Structures are given as C-alpha cells and as structure tokens.
Amino acid sequence: MASVLKVKESEVSERTIVVAGLPVGSINDQSLTILVKSHFQDIENEGGVVEDVIYPTRTKGVAYVTFKEKKVAENVIRKKKHYLAEMVRPAQLTVSHFSEKVFSSVNAVLDLSVFRSQIGLRSLVMDLKMEIPALCFSPLEANGRISVQGSFLAIKKLKESLLLKASSLLEKNRNRQSPRGSTWESSHSLKPPRSSTPETMRRGERLILDTDIFLYLKKMSGFYESTLKKFHALCQETVDGEITTLCIRNAQGGSQPNNEKQVKELIEKYSHALHFGLRKETFILAGKENREKRNIKLACKQLSSRYLQVLVNFYHTHIDIIGSSSDTYLFKKEVMKLIRQKVR
C-alpha cells in the first residue's frame with residue numbers, strides 16, 4: 001500500500017508546475033486563480049485539462065498548477081514564453097517543474113554597526129558586493145543595518161566571510177574589548193539572534209545551515225544525534241531566523257582531534273542532500289479569525305500522524321510544513337479540504 005501511495009504522489013508532482021511572476025495586488029486571489037486556470041487550459045498556450053490550482057502560496061506571486069496529464073505539464077514548460085492576460089497589462093510568467101524550486105531564497109537583515117569603529121561600513125559593503133555578486137543589497141542605513149537577499153548558499157558564504165573578518169579584528173584587538181560578532185535577523189525571524197559564542201566552543205568546527213534544513217535534519221532523522229554520539233562530539237546550536245550556526249567540538253578534549261572535522265563534513269553532506277530534496281509551505285495564521293486558526297491547527301495535527309516524513313512546526317503567527325515536494329503538496333491540499341469540510 002505504501003509503495004502504491006508513493007507512486008501516486010510521484011505522479012502528481014510530475015504533473016505539477018510552479019508558476020511565478022503572477023501580478024500581486026492588482027486583482028483578488030480568486031479572480032487570479034481563475035485567470036491562471038484559463039491560461040493553462042488554453043491550447044494556444046500548449047495547455048490542457050487542469051485538475052487543480054493552488055494559490056495563494058507561501059511565496060508571493062507563485063502558484064502550483066496540476067494537470068490531468070504529465071505530457072501537458074511538459075509541453076507547457078517547453079513553451080518558452082507565457083503571458084497572463086490581465087485587465088491592465090499582460091504579465092510575463094516563469095514556469096518550471098514542481099521539484100525545481102526548493103529553499104532557493106533567503107531574506108536577512110544584517111547589522112554591520114559592530115564593525116563601525118574598525119573599518120568604513122560603505123567600504124565593507126562594496127567589498128562584499130564584489131566578493132559575492134549573486135547577492136542583492138539594499139542601501140546602507142544610518143544605524144549600520146542593511147537588507148540582503150539571495151540564495152541560501154550565497155547568504156551562507158556572506159556570513160562566513162563576515163565571521164572571518166570579525167575573527168581577524170579580534171586578533172588585532174586582543175588587548176582591547178573585542179567587538180561582538182555580527183547580528184543577523186531574518187525578515188521572518190522567529191527567535192532573537194544571539195551574537196556571541198562562548199569561549200569553550202570557539203575552538204571547534206563551525207557550520208552554517210538553513211534553519212529549516214537543520215530542523216528537519218534534527219527532528220526527522222536520527223542521523224544528527226547518532227553522528228554526534230558516534231564521534232563523541234558536542235554541538236552548540238545558534239538559531240538566527242533563517243540561518244543556524246553549529247559549533248562542533250570534541251567532547252573528549254584533546255583526543256581524536258579530527259572528529260570535529262569529520263562530524264562537520266558528514267552533517268554538511270547530509271544537509272546538502274536535504275537542501276535539494278525538501279520544500280516548505282506555510283499556513284499564515286496572523287489576521288485570521290480564531291475559529292479559522294483553530295481549524296488550520298487541528299487539520300495539521302490530524303494529518304501529521306499520517307505524513308510521517310513531513311515536519312510540522314507550529315508558531316504563533318504561522319505554521320510551516322517541510323517535506324518532499326509531493327508530500328507537502330498533498331499535505332497542504334488535504335488541509336484545505338479538511339478546512340472546507342469544517343466550514344460547511
């Protein structure tokens with residue numbers, strides 16, 4: 001039975017496309033959903049029978065469209081240009097396979113004020129732009145804060161670069177009060193950032209991960225705990241919104257010094273595989289009636305016992321569901337179905 005279900009889920013994801021570039025705010029969600037369905041059922045757009053359109057989603061301007069036939073999804077993707085006919089002007093759409101878009105973008109706010117007494121902040125930003133051109137930087141604010149957007153891997157490289165700069169400054173100012181490490185806040189930060197690392201952990205290996213990937217790694221697989229236990233390692237976890245920093249240290253002091261490096265490499269390799277295999281969807285609770293919030297929470301709790309490979313994180317303002325493309329798609333679809341049943 002499980003194997004049959006897996007085949008069905010795989011077939012659904014193969015018949016589903018991700019549509020980005022939808023006009024946000026110009027028309028209501030219901031009208032936009034109808035327009036999207038109409039566009040992808042049109043033969044001139046290489047379309048066919050549409051089974052379902054999921055919109056709105058966690059990402060603004062993005063919808064999921066499931067066709068009755070896999071061939072239609074392939075034809076739609078093969079067509080290079082799609083323009084959604086709208087009342088004001090046509091919107092150019094970007095169409096891709098459902099499994100292609102996974103944890104691809106991170107938004108963060110970086111506080112560079114800790115470097116102000118040591119180096120020119122504008123000069124620092126210019127150096128970072130040249131070093132990591134894949135990132136988008138907002139104008140630097142007077143208080144030293146700057147918004148950064150880009151792929152997780154690019155953000156990770158940026159933080160590692162700043163940690164190196166901070167370490168270098170600490171060496172130069174050993175006899176003075178050391179500047180605190182750079183503070184990060186995600187645009188969807190759930191926990192206050194912690195900027196300092198205890199001296200006992202500074203000797204270990206440092207690894208930076210996407211927070212959602214880390215939570216899935218820690219809660220949904222025994223790999224994380226078993227690896228630490230196998231190599232007799234300790235790990236300090238610092239969560240700063242969408243970024244989590246791990247500091248890995250040998251629990252047995254000076255013996256087996258290579259253990260820290262081995263643990264880092266194993267966790268990094270495993271998390272890299274998860275990075276390309278997981279998807280996150282979010283149910284927004286903020287602004288909804290208490291009854292609707294309660295129905296969403298109950299539906300998620302009810303389904304979590306059936307979807308054992310889906311991680312459900314409950315927060316005050318939203319609920320995150322993390323798992324494979326097919327699992328999260330089906331999970332969200334069933335939640336919406338349960339909610340509609342409760343409303344009736």
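Colleague: Is Glu74 buried, partly exposed or exposed?
Modeller: Partly exposed, at 30% relative accessibility; buried means under 20% relative accessible area, exposed over 50%, and partly exposed in between, with a 1.4 Å probe and protein chains only. This is a predicted model, where local features need pLDDT of at least 70, side-chain atom pairs count only at pLDDT 80 or more, and totals for chains, interfaces and linings use all residues. Residues are numbered from 1 along each chain as its sequence is written, and side-chain values use heavy atoms, leaving out hydrogens and water.

Colleague: What does Lys70 form with Glu74?
Modeller: A salt bridge, with the closest N and O atoms 4.0 Å apart. The term means a Lys or Arg side-chain nitrogen within 4 Å of a carboxyl oxygen of Asp or Glu. Glu14, Lys70 and Glu74 are linked in a network of these.

Colleague: How many salt bridges does the count come to?
Modeller: 11 by that rule. In another, Glu281 pairs with Lys332, the closest N and O atoms being 3.4 Å apart. That one links distant parts of the chain, 51 residues apart. Glu281 is buried at 2% relative accessibility, and Lys332 is buried at 7%.

Colleague: New topic: which residues touch the most other members in the largest nonpolar core?
Modeller: Phe283, Ile296 and Ile319 are among them, in a core of 23 residues. Such a core is a set of buried Ala, Val, Leu, Ile, Met, Phe, Trp, Tyr and Cys residues joined through side-chain atoms within 4.5 Å.

Technical notes:
Helices (H or I, at least four residues) and strands (E, at least two) are DSSP runs, numbered from the N terminus.
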